[in-house]
Amino acid sequence: MPPTEPEGEVVAEKEKVSILWYRNGLRFHDSESLAEASSDPTTKLLPLFIFDGETPTTKLCKFNKMEFLLECLEDLDVSFAEHGGTLNMVLGKPVEVFTKLSKFFDVVRICFDQDCEAYWLERDNAVRNFCASHKIKIVESIGATLWDPLQVIEANGGFPPLTYSQFCHVSKAVGPPPRPRDDVDLSDVEFIDLATAENLVSDNLTLFPTTPSPEMLGIEKEKDPLWKEKKIYNGGEREALKYYVKRIEHEKTAFLEGTFMPNRKDPDIFNPPKSLSPDLRYGCLSVRKFYWAAMDAWEEVNGRECGTYTIVSQLIWREFFYCMSANNPFYGEMERNPICIDVPWYDIPEQLEAFENGKTGFPFIDAGIRQMRQEGWIHHIVRNALSMFLTRGDLWLNWEPGYELFMNYLIDGDWAVCSGNWMWVSSSAFEKSLNSSFCLDPTVYGWRVDPNGCYVKKYLPELADMPVEYVYSPWKAPLEVQEKAKCIIGKDYPPPMVDHKAASQRNCRNMEELQKLLLARCNMEPDHVRPSDATEVKKFFNLEEREN
Ligand SMILES: Cc1cc2nc3c(=O)[nH]c(=O)nc-3n(C[C@H](O)[C@H](O)[C@H](O)COP(=O)(O)OP(=O)(O)OC[C@H]3O[C@@H](n4cnc5c(N)ncnc54)[C@H](O)[C@@H]3O)c2cc1C
């Protein structure tokens, strides 16, 4: 005989729900996950974001970055509201949250965009195990990248392609990335609003009825008046799409002029950039949409298909770094990372502190640090200059604290892309034989892109009256010039912390010695990732025409 319910007690049937778990891909357009989660008419849709202190890359997260993310979530919430729903925002660890939700609802499936980086394996595996034991279906879609990095790895014989050109070759073999999908029709979808589920909220599920502020998540504005946050960028799909339209126009203009990659060709470090990297980072803009719009614009202008990745090569770099990081949980660090060389960097805390506080005495470097800490974004040119200065260019300090600084302050800070770029610039990986033949000179590199010193003067007002010929090396200005400019070196602005020429020569010798050591140890060139050729290196540093 089947057990009977105790008399008088009515066991309410749990509502069937499909959970759409947002971690990246914070958008409505081109969203397979949204399509999947809303496709089952027998379930209600529960859109969810979990503040777990890590997702997406919030472990290292200062005010500007968190504010940008919260704006993305707010924008998503508005989009759901337009369809009668809401983005449910809760605090907790994913498995704990799903455990509580499944006590209250009949969770049929959990849909999400793939986070391919190995960093997220532990989180995602825990959720996979939970779902397996609770018979909940998982639907994982590719939304953050053009290709599934795991498919590229498989096509390459089980390991990531070791050079950028090999990556291009293998991804070509995989086939063109899919075009963006159509918008999802949500007119018949019913939504779950957790705020109305009283028992659940009282069961210790911390729910934010509206989008929280950074302060509510424990992230305060910096106390130091020098680092006042400046609001330059706004997060969210709506902003991203507006910006994307302008950006594609910008690309088209370049194609009409016979050039491409305008943000790299004519770097504008001074004005707010036409950059989409933060929007791509959080998925407010689909990378497939950007890729195909650029390709289509090229075809429209030139009357034929663009057969190579040249015009979108930066997007391919992004894919390359994601792919490299997919199976490597130690990708973001030096010692345990199999593709990163253990460079015997110096350990000089005072020098690291001066760098992090923008007090190196090299104006281009200090201006970059100040812009990043105040505004949350700096141009690729400036990122190159900062990362090379800290590592093999001048200070010979480990790239890891530099990476952490970037991750904390850059609104596009991203585990795979940021650490990949730091390894590249510091020659810790992506260098065949550690013999990168040039070091950027911080007094010359800035001058190449901003000969009038406007950038330095904007971010270092103490140098505002310094004559332009001294603005990148103010210590060379005679004392009377310094007095007239109201900037005495050593009092109003620090002297240079190193002699660049001597430091870079020493570093080149260090690299050569390390190379010999590694060759002797392995009896061959170190087996790690490397650039395809010298041209690639020059392109990366915007040094194609002139060299320092
Ligand atoms: C040390 C260092 C750290 C960096 N950290 C990050 C980071 O955390 N997040 C991030 O998105 N970019 C990072 N970059 C790459 C690059 O500087 C930015 O993506 C770029 O400045 C964005 O500007 P844009 O949108 O105008 O780029 P464009 O040149 O127009 O490129 C289009 C898109 O391609 C991608 N992209 C461009 N350059 C690179 C690159 N070198 N590697 C990988 N992807 C690239 C970005 O998504 C970018 O939006 C870093 C670069 C360096 C040197």
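# Notebook: strands, crossovers and a ligand shell

I began at asparagine 234, which counts as partly exposed because 16 C-beta neighbours lie inside 10 Å. Asparagine 234 is found in the loop between β6 (206-208) and α8 (237-256). I also looked up its distance to leucine 70: the two C-alpha atoms are separated by 9.9 Å, while the residues are 164 apart along the chain.

**Ground rules.** I am reading a predicted model, where local features need pLDDT of at least 70, side-chain atom pairs count only at pLDDT 80 or more, and totals for chains, interfaces and linings use all residues. Residues are numbered from 1 along each chain as its sequence is written.

**The whole protein.** I found 22 helices and six strands. Helices (H or I, at least four residues) and strands (E, at least two) are DSSP runs, numbered from the N terminus. Of the 548 residues, 43% count as buried. The C-alpha atoms fill a box of roughly 95 × 50 × 50 Å, taken along the principal axes.

**Strand β1 and its partners.** Next I went to β1 (residues 15-22), where six of the eight residues are buried. Which strands pair with β1? Six bridges join β1 to β4 (residues 105-113), and the two run parallel. Another six bridges join β1 to β2 (residues 44-51), again in parallel. I count two strands as paired if DSSP finds at least two bridges between them.

I noted some partners residue by residue. On the β4 side, glutamate 15 has phenylalanine 105 as its bridge partner, and valine 17 stands opposite valine 107. On the β2 side, serine 18 stands opposite leucine 45, and isoleucine 19 stands opposite leucine 46. Between β1 and β2 the chain passes through helix α1 (residues 32-37), and this β-α-β crossover is right-handed. Here right-handed means that, with the strands pointing away from the viewer, the path from the first strand over the helix to the second runs clockwise.

**On to β2 and β3.** Is β2 enclosed or open? Seven of its eight residues are buried, so β2 is largely enclosed by the rest of the structure. Four bridges join β2 to β3 (residues 88-91), and these strands run parallel. In that pair, isoleucine 50 has valine 90 as its bridge partner. β2, α2 and β3 make a right-handed β-α-β unit.

**On to β5.** β4 also pairs with β5 (residues 137-141), in the parallel sense over five bridges. Arginine 109 has lysine 137 of β5 as its bridge partner. With helix α4 (residues 121-133), β4 and β5 make a right-handed β-α-β unit.

I looked up three places in loops.

- The peptide bond from threonine 55 to proline 56 is cis, with omega near -20°. Proline 56 sits in the loop between β2 and α2 (63-82).
- Aspartate 30 is not a glycine, yet has a positive phi of about 40°. It is found in the loop between β1 and α1. Aspartate 30 is buried, with 23 other C-beta atoms within 10 Å.
- Tryptophan 396 is not a glycine either, and has a positive phi of about 55°. It is found in the loop between α15 and α16 (399-409). Tryptophan 396 counts as buried because it has 22 C-beta neighbours inside 10 Å.

**The ligand.** Last, I turned to the shell of 28 residues around the ligand, of which Ser275, Ser277, Gln314, Cys418 and Asn421 come nearest. The elements that give two or more residues to this shell are α9 (262-265), α10 (277-282), α12 (313-325), α15 (380-393) and α17 (415-425). A residue is near a molecule if its C-beta atom, placed from the backbone, lies within 6 Å of it.

Where does the ligand lie? Domain 2 (145-181 + 238-327) and domain 3 (349-540) both give residues to the shell, so the ligand lies between them. Those domain bounds come from an automatic or database domain assignment.

Terms used:
A residue is buried if 20 or more other C-beta atoms lie within 10 Å of its own, exposed if 12 or fewer, and partly exposed in between; C-beta atoms are placed from the backbone.
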